[in-house]
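Good morning, and thank you for joining.

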Amino acid sequence: MADNARAKRLADLIREVVAQKLQRGIKDPRLGTHVTITDTRVTGDLREATVFYTVYGDDETRAEAAAGLESAKGVLRSAVGAAAGVKFTPTLTFVADALPDTARTIEDLLDKARASDAKVREVSAGAAFAGDADPYKKPGEDDEDDSAR
């Protein structure tokens, strides 16, 4: 079992090698400049690596990029093995990163909250208090109430 620091260094190396190879070494038109490697995680035994990626475009472009990554998996693993110099080159698994979709959902929710806040601010602009502006009694007010009785 490898230590976490070694797994982290290997994960960083895999991320860099895969990104460079996708940018310069792979001539697959399905990949192009649409694919961005966002993160890489390696198991504790350094046998398997999960590479997270994002694709800018529609669903068809994402499906084509996933197919292109699957077909280039062997070439990318060979490049990782040459750069890493480890006894066993980890197998690569490509997973589409859900971070952009999650961020888009959060942005939509924040926009709804801003719209709701604006609506409340608009409604409350001309509103008046139901009672006094300051409903709390002051220390001097108790004496006035007692003397009136």
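Strand β2 (48-55) is mostly covered, with six of its eight residues buried. Buried means under 20% relative accessible area, exposed over 50%, and partly exposed in between, with a 1.4 Å probe and protein chains only. Helices (H or I, at least four residues) and strands (E, at least two) are DSSP runs, numbered from the N terminus.

This is a predicted model, in which local features need pLDDT of at least 70 and side-chain atom pairs count only at pLDDT 80 or more, while totals for chains, interfaces and linings use all residues. Residues are numbered from 1 along each chain as its sequence is written, and side-chain values use heavy atoms, with hydrogens and water left out.

Strand β2 has two partners to consider; strands pair if DSSP finds at least two bridges between them. β1 and β2 run antiparallel and are joined by seven bridges, and A49 in β2 is the bridge partner of V42. β2 and β3 (residues 91-96) run parallel, with six bridges, and E48 is partnered by T91 in β3.

Between β1 and β2 the hairpin has five residues, and there L46 takes a positive phi near 60°, although L46 is not a glycine. Most residues other than glycine have a negative phi. L46 is also buried, at a relative accessible area of 10%.

Lastly, helix α1 (residues 4-25). Its buried residues include A7, L10 and I14, whereas R9, Q23 and R24 on the other side are exposed.

Terms used:
Expected span 1.5 Å × (residues − 1).
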